[in-house]
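Hi,

Here is the structure I promised to pass on.

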Amino acid sequence: MVYTGRCKHCFKTFRSKIRTGFCPECSKLDETVFDRIEEYLRKYPNSNALQISESLEIDLYSVIGFMNEGRLIRSMGKFSKLED
């Protein structure tokens with residue numbers, strides 16, 4: 001079975017064997033952004049969404065979107081100021 005979808009990022013219509021909200025090109029871009037966030041959080045584990053967004057120059061809503069998708073979770077850790 002083949003599904004037809006509309007990409008949430010670029011709004012292009014695409015066909016896929018699995019149901020997904022993103023075309024293949026945007027999925028790759030999404031993974032690249034997520035990998036950068038994951039690497040940043042390994043280095044600065046107590047960062048919040050705004051710090052991640054500003055440091056990596058990524059749209060804040062993209063970071064929050066990963067949280068809403070369950071790919072990033074909230075943690076009640078200790079927050080500390082990052083050194084410049």
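This is a predicted model: local features need pLDDT of at least 70, side-chain atom pairs count only at pLDDT 80 or more; totals for chains, interfaces and linings use all residues.

Residues are numbered from 1 along each chain as its sequence is written, and side-chain values use heavy atoms, with hydrogens and water left out.

Helix α1 covers residues 24–43. (Helices are DSSP runs of H or I with at least four residues, strands are E runs of at least two, and both are numbered from the N terminus.) With 20 residues at 1.5 Å each, α1 should span 28 Å, and its end C-alpha atoms are 29 Å apart, which agrees; the expected span is 1.5 Å times one less than the number of residues.

Which residues of α1 are buried? They are C26, D30, V33, F34, I37 and Y40. (Buried is under 20% relative accessible area, exposed is over 50%, and partly exposed is in between, with a 1.4 Å probe and protein chains only.) These residues cover an arc of only 120° around the axis, so they sit on the same side of α1; the arc is taken from the directions from the helix axis to the C-beta atoms. On the other side of α1 you'll find K28, E39, R42 and K43 exposed. The cover over the buried residues of α1 includes α2 (49–56) and α3 (60–69).

Among the 14 residues lining the second largest pocket, H9, D30, Y61, S62 and F66 are the closest to its centre. α3 gives the most to this lining, with 6 residues. (A pocket is an open set of points on a 1 Å grid over the protein atoms alone, where a 1.4 Å probe fits, with protein on both sides within 12 Å along at least five of seven lines; lining residues have an atom within 4 Å of a point.)

S62 itself lies in helix α3 and counts as partly exposed because its relative accessibility is 31%.

Last, K12 is in the loop between β1 (3–6) and β2 (13–16). At 36% relative accessibility, K12 is partly exposed too. Leaving aside residues up to four places away in sequence, K12 touches G5, R6, C7, C23 and E25, where contact means heavy atoms within 4.5 Å.

Cheers
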